[in-house]
Amino acid sequence: MESWRRSLPAFAAFAGPTTLWLLVFFLIPLGIIWMYSFGENVSLTEIETTWTFENYRRIFEPEIATLFWRTVKLAAITTFFCLVIGYPVALVIATAEQKWKPWLLLLIMLPFWTNLLIRTYAMLNILGTQGRVNGLLEWGWQFLDGGAALVGLDGLFGERFVPVRFLGTELGVVIGLVYVHLPFAILPLYSAMERLDRSYLEASMDLGGGQIRTFFLILVPLTSAGLVTAAIITFIPALGSFLTPDLLGRGQVDMIANVIERQFKKANDWPFGSALSLFLLYVTFIILAIRAIVDMQNAKGRRA
Amino acid sequence: MSQPIVSIKSVSKRFGSFVAVDDVDLEIAEGEFFAMLGPSGCGKTTLLRMIAGFETPTEGQVMIGGVDMSHTPPNRRPVNMVFQSYAVFPHMSVEKNVAYGLKMDRVPAAEIAPRVKEALALVQLSQFAERKPDQLSGGQRQRVALARALVKKPRVLLLDEPLSALDAKLRDAMRLELVKLQKSIGVSFIMVTHDQDEALAVADRIAVLHQGRLRQVAKPEALYQRPADAFVADFIGKANFFPALKVTRAGAGARVETKELPPLDFPSAPEGNLTLAVRPEKIGLGPEAEGEVRIEAKLGDVAFQGDSSLVELLLPSGRALLAATHGKSAAWVGAQKEGATIPLGWRVEDMLALKAD
């Protein structure tokens, strides 16, 4: 490696294309967006960079701030459920027999290879008022209603079945987001558990700890790094979700990405859209920075 | 033997078609330092894990303190284990690690503190109570693991290859400490090791295992002087083997003919195929060599080891023998040239007629 760095032509040959690619397709467009965010619309198609902070100020207007708050809230709830559901799943895979592991992991990865749009439309079919979930609920209701009628309690569970509304509600959007982001949570949790020396768990049992206390006092703390990674890797994309709130929210549960999209399309307010995008990016940076600082402090604490 | 604290009754453990432990019977006495010795894959660790409760026997029973605990989970057994990797919890201080087992047993807090203190004093770690495990050396971490197990006052302490992760010098010191510790607290220790020197040095009794089967259980000296079969003789210490070509039985005894030695008579011999063995230090070298077995060999390499020498001797058949010599005999060997033909001799009673594999 040392000698590579010393040979400039070789280094340039390897690093050059990547650098160019990043520059042309990432840094320059990002720079343009950054310029726009300080600009104003002067005509329908022209934007002038006037270095105004007006676009950033508008983010804090109640209407947008509320949307931002909802975005953070839904992303946080999504993250919470992904961890709570993902942790046991990861544990099952990590403790499964060696020959089953690749297949179980494949099952987790499989949805990734299906287009998100198609998966979200499938969710529409499942969560709709005539959908599978409500079909199942209705079947259960009929069962209960029939039972109630038998003992002379007609109408105990309502006159007729009222389908649960998922579409166009925060509940529906969260269900969709959890479904989409679950693999993001499971994989880092699985890798943390896979790396964990099994003898820690055995030592806990040997010392008199039952399954539950071994889980909470040993397994969870020793996989906390995986939990943090899983939380961040779930929270950040959830924060920028667009398709799920768009389709499952039916325009009634907008998240910030939906607002950003509207600025670039219907509202034709590119400067404001740019400011919103960058603000989202800054929030992401802050989360990653906090994580890095905590990591550094932990490493320092260990060395002291 | 007094009442056994652990008895293993016809225990077998199979993983699929692999037989890890094959019909083993063992009794371990109260206050005994017991070692389970064998090459890797011999089933010793599986046996230990069945005593700890991490594995359940496919057949047979594991009794602890006279109670059948074959299916009792590890957290309900009066035994504690020191793991090969120590498994000291990295997110807890030394003190918390040691207190963990007591907390699990819901011992009152007022009682925990003095017991933790006492346990840390026992392993000379009192001044490290506040430290985190990653601020400790390997040897110190092992002491934490010891204290953590002993603080629970187990009836049996299980040790899985406790010294294998330490460097050679520390290992020797720790051997002596383990023995002292065991004698001072009087708790039974069951140690698993693949290192025969380690087992010979620390244990009151040793069980030798091979391919899941128990080969011999004996005191260290008996294991060396009277190995049960050729495998044990080979595994414990060094030995020169002479496979029997023809065995003529007469009552309990046998006349054994081998390729390289004159026919020899043994007053008793086991059933089955035989092989004869002689330990290197029993072989006399030079004109003063004594004994009924007399042969000649060419001198090969001589490894000088201070107070003694290890001598390689080449037989006319092309095989090499190993002899250990010291004192006058070593000086005489030292004066010989490599390749010189020298006389050897040993007594028949110093030979072992063993069951071959």
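**Close-up views of a predicted model**

**Figure 1. A Trp and a Phe share one helix in chain A.** Four residues apart, about one turn of the helix, Trp139(A) and Phe143(A) both belong to helix H7 (residues 132–150) of chain A. Please keep in mind that this model, like every view below, is predicted. Trp139(A) is exposed, and Phe143(A) is exposed as well.

Figure 2. Now compare the pair from Figure 1: Trp139(A) and Phe143(A) are stacked, at 6.3 Å centre to centre and with 20 degrees between the planes. A pair of aromatic rings is described by two values, the distance of the centres and the angle of the planes.

**Figure 3. Five aromatic residues of chain A gather in one cluster.** The members to look for are Trp34(A), Phe38(A), Trp51(A), Phe53(A) and Tyr56(A).

**Figure 4. Arginine charges sit over aromatic rings in chain A and in chain B.** In chain A, the charged end of Arg58(A) is placed over the ring of Phe272(A), at 3.9 Å from the ring centre. In chain B, the ring belongs to Tyr224(B), and the charged end of Arg279(B) sits over it, 4.0 Å from its centre.

**Figure 5. The largest nonpolar core has 65 residues.** Which of them touch the most other members? They are Met36(B), Leu47(B), Leu158(B) and Ile190(B). Helix H8 (residues 170–195) of chain A supplies the largest share of this core, with ten residues. Zooming in on Ile190(B), and leaving aside neighbours within four places in sequence, its contacts include Val6(B), Ile28(B), Phe34(B) and Met36(B). Also in contact with Ile190(B) are Leu48(B), Ile51(B), Val156(B), Leu157(B), Leu158(B) and Leu159(B). A second, separate core has 49 residues, among them Ala35(B), Val88(B), Leu163(B) and Phe235(B).

**Figure 6. Chain A is assigned two domains.** Domain 1 covers 63–129 + 165–303, and domain 2 covers 133–163. Between the C-alpha centres of domain 1 of chain A and domain 2 of chain A there are 36 Å.

Technical notes: Residues are numbered from 1 along each chain as its sequence is written. Chains are lettered from A and ligands numbered from 1 in the order in which they are written. This is a predicted model: local features need pLDDT of at least 70, side-chain atom pairs count only at pLDDT 80 or more; totals for chains, interfaces and linings use all residues. Side-chain values use heavy atoms; hydrogens and water are left out. Domain bounds come from an automatic or database domain assignment. Rings of Phe, Tyr and Trp (its six-membered ring) pair if their centres lie within 6.5 Å; planes under 30 degrees apart count as stacked, over 60 as edge-to-face and the rest as tilted. Helices (H or I, at least four residues) and strands (E, at least two) are DSSP runs, numbered from the N terminus. Buried means under 20% relative accessible area, exposed over 50%, partly exposed in between (1.4 Å probe, protein chains only). A charge sits over a ring if NZ of Lys or CZ of Arg is within 6 Å of the ring centre and within 35 degrees of the ring normal. A nonpolar core is a set of buried Ala, Val, Leu, Ile, Met, Phe, Trp, Tyr and Cys residues joined through side-chain atoms within 4.5 Å. Contact means heavy atoms within 4.5 Å.
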